[in-house]
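Please open the model in a viewer and keep the selection tool at hand. The stops below proceed from the overall division of the chain to a ligand site.

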Amino acid sequence: MIEIKNLAKNFPGREVLRDLSCRIEDGDTFSVIGPSGTGKSTFIKCIMRLLKPDSGQILVDGEDIAALDDEFELARIRRNFGYLFQEGALFDSLTVFENVSFGLRYLTDIPREDYPRIVAEKLALVGLDKVEDLKPAELSVGMKKRVALARAVAAGPKCILYDEPTTGLDPVTTEMVTDLIVSARDQLKITSILVTHDVNLALHLSSQVAMLDKGVFAAVEPPDRFVKSESPAIKEFLEISSAGVNGREGHGGRPAHGGHGGRR
Ligand SMILES: Nc1ncnc2c1ncn2[C@@H]1O[C@H](COP(=O)(O)OP(=O)(O)O)[C@@H](O)[C@H]1O
Ligand SMILES: [Mg+2]
């Protein structure tokens with residue numbers, strides 16, 4: 001379980017995260033939405049402790065990781081997390097096998113002879129088979145995303161962090177990545193934290209959705225309640241985003257289930 005209390009993180013001359021609190025239960029899919037530049041990536045980087053918060057607590061199974069400084073401790077903490085960043089490209093010079101087993105080498109004591117089995121299992125999870133010897137240049141955009149997700153979950157994280165997993169993708173690949181996240185959630189039953197400006201994605205996938213606005217969460221609600229929120233920031237963001245929702249539906253995408261809740 002991850003509990004965040006009064007998290008703050010600013011950069012020189014710029015207030016970003018002022019006061020964030022939330023509780024993410026094991027197995028939850030927790031999404032943070034908000035326009036670009038609101039601090040969504042900063043939030044994810046604080047949880048992974050790639051950034052050190054200015055103040056507040058990040059409790060991971062009761063242990064506060066917000067103030068840790070020791071590199072060994074931080075390495076231990078980061079093992080809890082797998083991540084899929086938008087720009088999180090594969091290592092181009094490495095094969096798929098080497099990419100997916102990367103975390104096994106650096107994060108675990110699993111013996112090398114077990115890697116082929118684990119890599120094949122993780123590739124099967126994302127719907128790939130016999131691609132171990134290929135290089136990223138030989139893969140489609142969708143396959144690269146699949147391999148990146150296989151890599152993210154290879155070392156058995158407790159929680160997976162997605163930063164804008166569908167940004168910049170065409171509608172068909174967006175659909176595929178969405179299904180992939182759903183299947184990782186359902187098959188691995190691990191906690192997922194997703195940050196995105198794609199409302200539709202967040203409403204479709206999440207058990208809780210938070211809106212990041214001016215450094216605080218304007219709301220943390222299940223999707224069906226989120227879409228009915230009276231918060232002006234949320235209303236405005238949902239209105240602006242509805243153009244994007246229609247675009248997705250026009251390409252044969254599925255409507256967000258939370259969206260139905262709002263129109264009922
Ligand atoms: N390492 C950094 N140093 C200084 N400013 C940063 C740094 N990282 C992010 N910022 C600033 O913090 C704000 C929030 O950034 P970010 O978390 O990337 O937003 P989002 O992911 O919601 O688009 C932006 O104004 C960005 O320029
Ligand atoms: Mg970002």
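Domain bounds here come from an automatic or database domain assignment. On that basis, select residues 2-80 together with 158-263 as domain 1, then 93-157 as domain 2. Their centres, taken over C-alpha atoms, are separated by 25 Å.

This is a predicted model, in which local features need pLDDT of at least 70 and side-chain atom pairs count only at pLDDT 80 or more, while totals for chains, interfaces and linings use all residues. Residues are numbered from 1 along each chain as its sequence is written, and chains are lettered from A and ligands numbered from 1 in the order in which they are written.

Next, select the contact between the domains. Domain 1 contributes 14 residues and domain 2 contributes 12 residues, two residues being in contact if their C-beta atoms, placed from the backbone, lie within 7 Å. On the side of domain 1 that touches domain 2, strand E7 (159-163) and helix H7 (171-188) each give two or more residues. Helices (H or I, at least four residues) and strands (E, at least two) are DSSP runs, numbered from the N terminus. H7 provides the largest share of that side, 7 residues. By class, the side comprises 9 nonpolar, 3 polar and 2 charged residues.

Now move to ligand 1. Select its surrounding residues: Phe11, Arg14, Val16, Gly34, Ser36, Gly37, Thr38, Gly39, Lys40, Ser41 and Thr42. A residue is near a molecule if its C-beta atom, placed from the backbone, lies within 6 Å of it. Strand E2 (14-24) and helix H1 (40-47) each supply at least two residues of this shell, and H1 gives the largest share, 3 residues.

Methods:
Ala, Val, Leu, Ile, Met, Phe, Trp, Tyr, Cys and Pro count as nonpolar, Asp, Glu, Lys and Arg as charged, and the others, Gly among them, as polar.
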